[in-house]
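Thanks for coming, everyone. I have one structure to walk through today. Please take a look at it on the screen.

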Amino acid sequence: MSPTSRLPVRTPTQQETHGRRDRSITDQDANAINRVEELSYDLKVHEVMTANMQIATPDMPLSAVLEILRINHISGVPVVKDNQLTGILSLEDIVRAMQKNELSAPVSQYMTSKLITVASYDPIVGAMQKFSDSRLGRLPVVDEDHRLVGMITKGDITRGILVALQKDYKEEEVRRYRASHLFEDIVSDRTTLVLRYNIKAHDFTHGGNASSHIKRALLRLGADPQTARRCGIAVYEAEINLIIHTTNGGILKLEVESHRITMSTTDDGPGIPDINQVLQAGYSTATEQVREMGFGAGMGLVNIKRCVDKMDIESTVGKGTKLVMRIYVPTENFNGRKDEKPNEPPTDHRQS
Amino acid sequence: MNLQQIIDNLNLTLLTEPRDFTSIKPEGGYTSDLLSCVMAGAKSNYLWITLQAHLNIVAVAALLEVPAIIITENARPDAATIAKANEQGITLLSTPSPTYEIDGKLWEMGIHTQE
């Protein structure tokens, strides 16, 4: 299976371009769309429908259709004549006929010919809409020439979405597997993977984004959950420090080697006058406004120290600050095997 | 005690998308409005009880693998925060009660901290 294979690219039909995709979507809209909603536009009816369905003809007796329904455990069939869809017959129609003792009557007499159909190239959201408007349980699917090509039920839609989600999950697994073999597959005397993130000053809206990307990258690379968590916390505090305190933002850098992870931040000011002071728990120079958001507890560097094996900070007032944090990882972390027993979390030194 | 029972017992308002809360079983809780303290004190699968309702609480919860945040005293996160929480799979719950009451009730319900 190719993990990157996508649905075949096709020019959208007139109908599709009238849909939601045509409207410009803001970043906020895009954030609010979840994967299932996305899939309901990406998946097309023909991908989830049942193509090999039972059919009836208009001149068949109802008793024969009842037999088809019974044998196949279905509750309705499309009625087709000369390749054209002419109606749909459901169990309810047969019940009506039974009440009048007319099971030998032809299908055409009891079928519903006022049809609600869906087009095979419609996104499944179109079918979902028709299900909820019509309260029908199954809808015939037709092609451009109104020929019957399948049937779709709500169950088909649910199944289609689940299969697509399962595929997403597998793709993530494959990505993770590939990344975790990076250090095995690429041979050098010393392999280092470097990730850089530009952090803007005072950009609280994106605060923590780089850290969550870093944590995910480490997990994909095969870091054990505890190591990824320690790095995530340390790098979050460092990222937030760049956002709160720097004049022009700074650069957050992650260097992954097979035996250690180095995280660093560099900025060009304002610099720290007294490093010992900022290392004290509770000391903060954050403004009142920043504190109201819950930052500026004076715990940032203390937290970092607690999470990493080695922390160095160098600063010159007027020139800038460089913070280097290092975590040594067990060798089994980055060679494709998962660490079975994560390390105990480091103890909290706040009280000491 | 699962999250669904907690939501029902405390009459919490769900701000994010519904999910299967019966499968989420919090193993403890942490209360603070200072994000760095939460970073230090909250463990994964803890509940976080706070007055803070701005965007950055989601990043903190996601990094810590905190499944749900109970936002007290009717502090309401904005749409961007709720969207981000949905994206990251973090549940946001709201209550008019003050933090102290929520903490007390959670403790009574048997949600204690892990030692």
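Which residue in S5(B) is the bridge partner of Ile70(B)? It is Leu93(B). Keep in mind that this is a predicted model.

Now the strands around that pair. S4 of chain B covers residues 68-71, and S5 of chain B covers residues 91-94. The two run parallel, joined by four bridges. They belong to an open sheet of five strands in chain B. The order is S1-S5-S4-S3-S2, with mixed pairing. At the edges sit S1 (13-14) and S2 (28-31) of chain B, each pairing on one side only.

Let's stay with S2(B). Its side chains alternate. Gly29(B) and Thr31(B) point to one face and are buried.

S2(B) pairs with S3(B) in the parallel sense, over four bridges. Opposite Gly28(B) stands Tyr46(B) in S3(B). To get from S2(B) to S3(B), the chain passes through helix H2 of chain B, residues 35-41. That β-α-β crossover is right-handed.

One more helix here. H5 of chain B, residues 99-108, lies across S2, S3 and S4 of chain B. H5(B) runs at about 155 degrees to S3(B).

Last, the contact between the chains. Chain A gives 25 residues and chain B gives 22 residues. On the chain A side, H2 (27-32), H11 (209-221), H12 (225-245) and H15 (300-307) each supply at least two residues. H12(A) has the largest share, four residues. By class, the chain A side has eight nonpolar, twelve polar and five charged residues.

Notes. Residues are numbered from 1 along each chain as its sequence is written. Chains are lettered from A and ligands numbered from 1 in the order in which they are written. This is a predicted model: local features need pLDDT of at least 70, side-chain atom pairs count only at pLDDT 80 or more; totals for chains, interfaces and linings use all residues. Two residues are in contact if their C-beta atoms, placed from the backbone, lie within 7 Å. Ala, Val, Leu, Ile, Met, Phe, Trp, Tyr, Cys and Pro count as nonpolar, Asp, Glu, Lys and Arg as charged, and the others, Gly among them, as polar. Two strands pair if DSSP finds at least two bridges between them. Axes are lines fitted to C-alpha atoms, for helices over the stretch in contact, and angles run from 0 to 180 degrees between N-to-C directions. A residue is buried if 20 or more other C-beta atoms lie within 10 Å of its own, exposed if 12 or fewer, and partly exposed in between; C-beta atoms are placed from the backbone. A crossover is right-handed if, with the strands pointing away from the viewer, the path from the first strand over the helix to the second runs clockwise.
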